[in-house]
Amino acid sequence: MLLYNSLSHTREEFVPNEPGVVRMYTCGPTVYHYAHIGNLRSYICEDVLEKYLRYAGYDVRRVMNITDVGHLSSDADTGEDKMLKGARREHKSVMEIAQFYTDAFFSDCAKLNIRRPDVVQPATGCIDEYIKLVSGLLDKGYAYISEGNVYFDTAKLDEYYVFNKHERENLLAGVREGVEEDLSKHNKEDFVLWFTKSKFDDQELKWDSPWGVGYPGWHIECSGISLKYLGEYLDIHCGGIDNAFPHHTNEIAQSEAYIGHKWCNYWFHVMHLNDETGKMSKSKGEFLTVSLLEQKGYDPLAYRFFCLQSHYRRTLVFSFANLDNAAAAYSKLIDRIAALDPEKGTVDEEAAAPYRQAFRDAMDNDLNTSLALTAVYDLLKSGLSDSGKLALIGEFDTVLSLNLLSAAAAQREKRQAAPAATEADAEILALIEARTAAKKAKNYAEADRIREQLKAMGIALTDTPQGVQWSRI
Ligand code: AMP
Ligand code: ZN
């Protein structure tokens, strides 16, 4: 399998440290607010990676942290703790909002068929690990204490900017979110391992440490949790592209300085989902969450389908018109699978082989999910028996996780239960008219809702250049 590795900027053959086993770490959410659908794009793509590795026969051990302390407003260690800001916004304690948004995150994940990693570790549960790491780094001379805080000394490294050399110029130009400079650092690149002093003295969660009462920096959390559960040899580390610098760069610096050898072989970064105005945000405009999509009548899996239609290494632009297209395509795909008769024919392994190969080739090529979807369409068009097609679709869906079989089966059942629509033609025509009007008014969610309503009545629509045609399913 070829995977793009941000460390080498090339696609590389994936070879894990231990044959047959993949140790995989994912930066989890900062639980100060709901996840936006951009965050969830990263988790969908990482989920597909994990599931494909399992499909390919690997024993995957995946660990995720939950950031509930230490992630400051700027990734460059300045500003207020995001958790504290969230708690203040909602007049609750940090632990209360951490619990609430952790649950909300996993509820969103469940709706998107994102598997829960094998280990999910809140950062506040591993303070001893961080203290051990920071002590080790101080002992080895990779860290120093200044004005009460413990900093990592990047000047001790041969190479700090492992992903992108240009980051240095950006950093030195001071463009990173216009933050105030921390004058206690020896070098601009240095970062905090343990805070005992920050401008914000009202930090709610603090722990005793050899350097005084304080709290860990964000970066040390991921190193500590990963080393604790996955050991010193990590195969894949995942995250959104914004995590590459400074977060992952700092994780590598401190982990490798501590263990004394290379830590992680493959860095998997998902490009951003942007809205039409640019960067997705939790504060500006309409805050795009899974719940908002549901309120607007979308099936969350239509969003998963939307993500799978494009490659994880391409920036994806979200708009409701784009989502409408994906929702319509997803719904049509389910229709086509529902039209297959599970009782028809037998499973012919030899005939299935090239279609399985096409799916694997697509996924082996740096997780090309859109080509993998094409493999599903090609399979549907093929001469394989209905039951043969369904067997393969079920197999592919262990990776795609689009409920392809269960949604199609539910549709078949509904169709059987639907009353004969002989006298309902006028109602059908009225609904079609209402849908056409909704489309004209660009109210695509309403148009899709009507399509779904008709589908539930056993009516399928086809948009043709001559207008809408309908037929009984
Ligand atoms: P956070 O909760 O801010 O720590 O982010 C959770 C995950 O979402 C991280 O892996 C980020 O890199 C990722 N992320 C943040 N914004 C986006 C976006 N617009 N598109 C895709 N992933 C994102
Ligand atoms: Zn992390």
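This is a predicted model: local features need pLDDT of at least 70, side-chain atom pairs count only at pLDDT 80 or more; totals for chains, interfaces and linings use all residues.
**Figure 1. Ligand 1 and its polar contacts** (pairs of N or O atoms within 3.5 Å). A polar side-chain atom of Ser-42 sits 2.7 Å from a nitrogen atom of ligand 1. From the backbone, an N or O atom of Gly-240 lies 2.9 Å from an oxygen atom of the ligand. The protein covers 93% of the 490 Å² of accessible area that ligand 1 has on its own (Shrake-Rupley method, 1.4 Å probe).

**Figure 2. The shell around ligand 1.** Here you can see 17 residues, of which Thr-30, Gly-38, Ser-42, Asp-242 and Leu-273 come nearest (a residue is near if one of its heavy atoms lies within 4 Å). Helix 1 (37-55) and strand 10 (234-240) each supply at least two shell residues, and helix 1 gives the most, with four. Helices (H or I, at least four residues) and strands (E, at least two) are DSSP runs, numbered from the N terminus. By class, the shell has five nonpolar, eleven polar and one charged residues; Asp, Glu, Lys and Arg count as charged, Ala, Val, Leu, Ile, Met, Phe, Trp, Tyr, Cys and Pro as nonpolar, and the others, Gly among them, as polar.

**Figure 3. The second largest pocket.** Its volume is about 450 Å³. Of its 20 lining residues, Asp-299, Tyr-330, Ser-331, Glu-452 and Lys-455 are closest to the centre. A pocket is an open set of points on a 1 Å grid over the protein atoms alone where a 1.4 Å probe fits, with protein on both sides within 12 Å along at least five of seven lines; lining residues have an atom within 4 Å of a point. Two or more lining residues come from each of helix 10 (320-338), helix 14 (404-417) and helix 16 (444-456), with helix 16 giving the most, seven. The lining holds ten nonpolar, three polar and seven charged residues.

**Figure 4. A salt bridge between Arg-304 and Asp-47**. The closest N and O atoms of this pair are 2.9 Å apart (cut-off: a side-chain nitrogen of Lys or Arg within 4 Å of a carboxyl oxygen of Asp or Glu). Arg-304 in helix 9 (residues 300-308) and Asp-47 in helix 1 are 257 residues apart, so the pair links distant parts of the chain. The whole structure has 23 salt bridges.

**Figure 5. Two backbone details.** Most residues other than glycine have a negative phi, and most peptide bonds are trans. Phe-245 and Pro-246 are joined by a cis peptide bond, with omega about 5°; Pro-246 is in helix 7 (residues 244-259). Ser-401, in the loop between helix 13 (386-400) and helix 14, has a positive phi, near 55°.

Conventions:
Residues are numbered from 1 along each chain as its sequence is written. Chains are lettered from A and ligands numbered from 1 in the order in which they are written. Side-chain values use heavy atoms; hydrogens and water are left out. Grid points are joined across faces, edges and corners, and a volume is the space filled by probe spheres set on the points. A polar contact is a pair of N or O atoms within 3.5 Å; within protein, one must be able to donate a hydrogen and the other to accept it, and residues adjacent in sequence count only if both atoms are side-chain atoms.
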